[in-house]
Amino acid sequence: MDRSALDEIIVSGGYIGVNTGQAPEANQTLISSDTVEGAFDAASCIGCGACVASCKNGSASLFTAAKISHLAQLPQGKIEHHKRTNDMVNKMDELGFGACSNTGACEVECPQGISISHIAFMNKSFFK
Amino acid sequence: MYFSTDSKQIPKAKVPQGDLRDKWSNFKDQAKLISPNNRNKYHVIIVGTGLSGASAAASLAELGYNVSVFCFQDSPRRAHSVAAQGGVNAMKNYKNDGDSVHRMFYDTLKGGDFRAREANVYRLAECSASLIDQAVAQGVPFAREYSGYLSNRSFGGVQVSRTFYARGQTGQQLLLGAYQAMMRQVKAKKVTSYTRHEMLDLVLINGVAKGIIARNLDTGEITRHTANAVVLATGGFGKIYYLSTLAMGCNGSAIWRAHKKGAWTACPSWTQIHPTCLPQSGSYQSKLTLMSESLRNDGRIWVPLKKNEDRKAVDIPEEERDYYLERRYPSFGNLAPRDIASRAAKERIDAGHGVGSLKNAVYLDFKDALAKQGKAAIAKKYGNLFDMYEKITGINAYKEPMKISPAAHFSMGGLWVDYELSTNIPGLFSIGESNFSDHGANRLGANSLLQACVDGYYILPQTLPHYLAQSGKPETINSDDPAFLESELQVKQQLENFGKINGHKTVDYFHRELGKILYDKCGLTRTEKGLTLAIEAIKNLRDSFYKDLKIPMKTDGINEELEKAGRVADYLEIGELMCIDALSREESCGAHFRMEHQTNDGEAIRNDEEFNFISCWQKSDKAPVLIKEVLNFEFTKPTERSYK
Ligand SMILES: Cc1cc2nc3c(=O)[nH]c(=O)nc-3n(C[C@H](O)[C@H](O)[C@H](O)COP(=O)(O)OP(=O)(O)OC[C@H]3O[C@@H](n4cnc5c(N)ncnc54)[C@H](O)[C@@H]3O)c2cc1C
Ligand code: SF4
């Protein structure tokens, strides 16, 4: 599995635009434990690519959606959510990954138990 | 004589003037700057994309410098920092339990047995709070209380709660934050990432670091890369012990090749052996699973009082158990620092009280915590660790104790750096685990993720530009310079020569043998006699390596055996220097325990009169040369490191 394409998807927007030194005091924004745990479920993706390998369409949707969902659930990541989603999804298409047809194979293979509900969330955000 | 001493050379630590609290500000106030529109004329190479390398790359690129990063993995996000589970320390005093920058500084200095530079350690504590802010801003999902505030817990060697954590994935989550920040700079075209590239040499022009030689691990192609400064962020070399918590690829080659070009290696024998790993179960196993140290918050460590006990743990009555850490260290008990906990375990195991099929383990028991706090509370804190333990061993730790054993884990030693994180070679910097700096002779749990991040986010982005500003106009370096061509030729010849040996033994054989020698004679305990034997044994092993190694010939394309050969060839040299380093230091301090220097009840005897220095080793054609950086304790008084 060539994982450099997954890196490219991250390059297109899988981050929060903060420079070193800009950050406010960490407890300034309170985040409920449930919110953080929800974001964590998505953040625990290890970028292994098993989802892509298992998909008959060769889609990287689960990987991409996990990152989008991780960052979108946190208040500090919400601001760039729409631009991030558009950039990452477009990049995924541009790199030639297939479209998701909801077979659910990825979820079964994912070693981190990432749920395909993140893909639905990503699609909803993209079409907005 | 195995080494010589050069007392004329005095390392320049470059510690700024002023009170301990003001030194870092004083440095920043006086550092030379480069104007924003000139920064893109400079190019920096960073080898390593772990926490230290990725954070440095992102931060320097944000400032406007051009950066190339190298890693041997297939993605920068897979650097070994991902493996860290437990947590990261920071002085936030969120618990109101008396924490302060000074206390964190003192804990770290004392934890390292007063064998580190005061000013560096203070700065680590001083910058720690900002790291948590930065990571949270990047989206790192640290654990929170129900109220929404950040949560933390305590780790070995301290009596306050200053460890932040993200389930059992603190390293991975912090690394994703740094990696994503770095990838943002790839998009901005300020960072170029070379994956599956291994640095095989450092190139100096007129004694100044100007680039590296790298090998593409997929194609075998050797390439030259130029820069105005080179940063090594290549992690630890604890894999030299073969049996360790590190993955196979972790190596000492980058720093060793720099050492061969003149960079000093400091205290290479100071290795942390982690007390809570899963015991080895078969002789071909090399990676030992680490169980997070956080388990020691609630687990109690014991061995049977009776030697060669064959009853099951649950059948051994309370009065026949020896809770040896609680017995020997009543005030820290099961949270005694790692070196002490590991040595105490070895002492009991060697005395015949070890448990498990190979009698190489001790028990970590949650019985009392479960009775007191209930299963749900314990599951919330450690559920994933208990699951992992059961998956690997088939044992349910809610019902019977875990079995744990010490394993090599972290290199305190590494390239010597001054306060500015520069090695003694101008233009060559070293950050993260690859340098010797803040941890002294023993590192406290959760301090190394911190050090890697603080080096990369906060220190290097101030000190490296200071160096560039002083080194005159940005120059373009020619990769056809004779220095580059010569380095490249040497690298190619070495690779070809490995293939020509055509002997009978695999690289792994030599690695395993070296690991055994080191673990036995330069591990948890050391003696003059053992070290002398080890030096001879390593020399013989090295001779036989060059006579009897067998690897496939081809130097192009993927050839894992060839990669390993280069790393093990370096290990065979580093291992010898480790033994010489341990032999030269006739005292016990931190992880370095010389059997000749202990009290009647087995505690370390440090010798401040004669050994209050950092050992800097210089390469020479004859025996290695010892240069001493004497430590100045201006603001603290080294005391006996007691955890009783
Ligand atoms: C199992 C485990 C658990 C740990 N848990 C904790 C913890 O809970 N808390 C804590 O504070 N610390 C912990 N540590 C220690 C901590 O993880 C490391 O000290 C820290 O992550 C090191 O970061 P680094 O940036 O220095 O190096 P690394 O993350 O090791 O990265 C090294 C980088 O250098 C590259 N590299 C190396 N050699 C070469 C070469 N020759 N050419 C090109 N690239 C090269 C690699 O590809 C990699 O990108 C743990 C360590 C282990 C092994
Ligand atoms: S399989 Fe799961 S963990 Fe692996 S890349 Fe896909 S989403 Fe991430």
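**Chat about ligand 2 and chain B**

Colleague: Hi! Which helices of chain A each supply at least two residues of the shell around ligand 2?
Modeller: Hello! In this predicted model, they are helix H3 (50–54) and helix H4 (61–73) of chain A.

Colleague: And which of the 13 residues around ligand 2 come nearest?
Modeller: Those are A:Cys45, A:Cys48, A:Gly49, A:Cys51 and A:Cys110.

Colleague: How do the residues of that shell divide into nonpolar, polar and charged?
Modeller: The shell around ligand 2 has 10 nonpolar residues and three polar ones, with no charged residue.

Colleague: Let's switch to chain B. Which residue does the UniProt annotation "active site" cover?
Modeller: The annotation is on B:Arg338, and it comes from an unreviewed UniProt entry. B:Arg338 belongs to helix H8 of chain B, residues 338–353.

Colleague: Is B:Arg338 buried or exposed?
Modeller: Buried, because its relative accessibility is 5% and the cut-off for buried is under 20%.

Colleague: What does B:Arg338 touch, leaving out residues up to four places away in sequence?
Modeller: Its contacts include B:Phe155, B:Gln272, B:His274, B:Glu293, B:Arg296, B:His409 and B:Arg443.

Colleague: Where does B:His409 lie?
Modeller: B:His409 is part of strand S16 of chain B. With 15% relative accessibility, B:His409 also counts as buried.

Colleague: Why is strand S16 of chain B said to be largely enclosed by the rest of the structure?
Modeller: Because nine of the 10 residues in that strand, which covers 402–411, are buried.

Colleague: In what sense do S12 and S16 of chain B pair, and over how many bridges?
Modeller: Strand S12 (residues 271–277) of chain B pairs with S16(B) in the antiparallel sense, over five bridges. Within that pairing topic, B:His274 has B:Ala407 as its bridge partner in S16(B).

Colleague: What about S15 of chain B and S16(B): how many bridges there?
Modeller: Three, again antiparallel, with S15 covering residues 362–365. B:Tyr363 stands opposite B:Lys403 in S16(B).

Colleague: Last topic: which domains is chain B divided into?
Modeller: Domain 1 covers 274–408 and domain 2 covers 482–618.

Colleague: How far apart do the C-alpha centres of those two domains lie?
Modeller: The C-alpha centres of domain 1 and domain 2 of chain B are 31 Å apart. As for contacts, 10 residues of domain 1 meet 10 residues of domain 2.

Terms used: Residues are numbered from 1 along each chain as its sequence is written. Chains are lettered from A and ligands numbered from 1 in the order in which they are written. This is a predicted model: local features need pLDDT of at least 70, side-chain atom pairs count only at pLDDT 80 or more; totals for chains, interfaces and linings use all residues. Side-chain values use heavy atoms; hydrogens and water are left out. A residue is near a molecule or strand if one of its heavy atoms lies within 4 Å of it. Helices (H or I, at least four residues) and strands (E, at least two) are DSSP runs, numbered from the N terminus. Ala, Val, Leu, Ile, Met, Phe, Trp, Tyr, Cys and Pro count as nonpolar, Asp, Glu, Lys and Arg as charged, and the others, Gly among them, as polar. UniProt positions are given in the numbering used here, feature names are shortened, and annotations may be inferred rather than shown by experiment. Buried means under 20% relative accessible area, exposed over 50%, partly exposed in between (1.4 Å probe, protein chains only). Contact means heavy atoms within 4.5 Å. Two strands pair if DSSP finds at least two bridges between them. Domain bounds come from an automatic or database domain assignment.
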